[in-house]
Amino acid sequence: MSLPEIVTRERWRAAREELRRKEEAVERARAALGAERRRLPMVEVSTEYVLEGGDGKATLLDLFGDRTQLVVHHFMFAPGQEAGCPCCAAFLDQLDQLGHLAHLRARDTAFAAVSLAPFTRLLPFKARMGWTVPWYSSCHSDFNRDFEATVDRDGAPAERPGLSCFLRDGDRVFHTYSVYDDALDGIGALSGLLDLTALGRHPHGSDRLRLHDEYEH
């Protein structure tokens with residue numbers, strides 16, 4: 001293994017300062033990109049997708065609960081498999097540590113995982129992983145295909161991981177953003193997800209983080 005060069009404190013400070021300027025430029029570009037993302041137009045979801053979860057059948061609108069935004073994790077889990085995708089599982093591990101997603105919910109944002117496998121396959125795997133996040137099966141609907149989590153590759157259907165963001169206005173649901181595959185790399189569990197949404201990190205004036213048991217549920 002090649003280790004970093006050993007230098008004096010003065011040389012380290014100079015190198016760190018040069019890197020800091022580059023980091024700040026990247027952060028400014030990231031902020032500008034986030035603002036542009038929030039200005040994307042949205043499209044109304046006219047199909048009433050029927051999903052299956054722990055409480056039975058649910059529509060996409062049901063997944064919002066009483067929140068204004070919804071982030072869906074397209075979790076790769078094919079109908080014939082006994083276990084889900086390890087990379088998707090690693091991503092969901094982060095989300096399950098958010099204090100039952102209290103930080104997202106306090107920012108008017110719901111979260112759910114959706115997979116193509118039947119719920120009878122998802123349930124034992126969810127128990128094995130010890131997850132508490134809402135998880136639904138889309139096996140009886142076109143949800144995966146319509147939101148491009150299932151695509152045709154070499155003449156056969158194939159799944160890919162992704163995130164899709166939705167916004168509700170009353171009973172109307174709108175699709176605002178989606179991201180797939182390697183573009184998921186580097187998305188953090190809280191701020192990174194909120195950065196993908198239409199209202200950003202501070203919907204309705206919400207601001208500072210709290211301990212998750214200090215939020216009002």
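Guide: Let's start inside a helix: Arg-20 and Glu-24 sit four residues apart in helix α1 (residues 9–38), so about one helical turn separates them. Helices here are DSSP runs of H or I with at least four residues, strands are runs of E with at least two, and both are numbered from the N terminus. This is a predicted model, in which local features need pLDDT of at least 70 and side-chain atom pairs count only at pLDDT 80 or more, while totals for chains, interfaces and linings use all residues. Residues are numbered from 1 along each chain as its sequence is written, and side-chain values use heavy atoms, with hydrogens and water left out.

Visitor: What do Arg-20 and Glu-24 form, and how far apart are the closest N and O atoms?

Guide: They form a salt bridge, with 2.3 Å between the closest N and O atoms. The term means a side-chain nitrogen of Lys or Arg within 4 Å of a carboxyl oxygen of Asp or Glu.

Visitor: Which residues are linked with them in a network?

Guide: Glu-17 and Arg-21 join Arg-20 and Glu-24 in a network of salt bridges. Arg-16 also has a salt bridge, to Glu-23, at 3.1 Å from N to O. Arg-16 is partly exposed at 33%, and Glu-23 is partly exposed at 37%.

Visitor: How many salt bridges are in the whole structure?

Guide: A search finds 15. One of them pairs Glu-148 with Arg-160, at 3.5 Å from N to O. Glu-148 is in the loop between α6 (143–146) and β7 (150–153), and Arg-160 is in the loop between β8 (156–159) and β9 (162–169), so this pair ties together parts twelve residues apart in sequence.

Visitor: And the accessibility of that pair?

Guide: Arg-160 counts as buried at 14%, whereas Glu-148 is partly exposed at 42%.

Visitor: Where does Asp-154 lie?

Guide: Asp-154 is in the loop between β7 and β8. At 86% relative accessibility, Asp-154 counts as exposed.

Terms used. Buried < 20%, exposed > 50% of the residue type's maximum accessible area, 1.4 Å probe, protein only.
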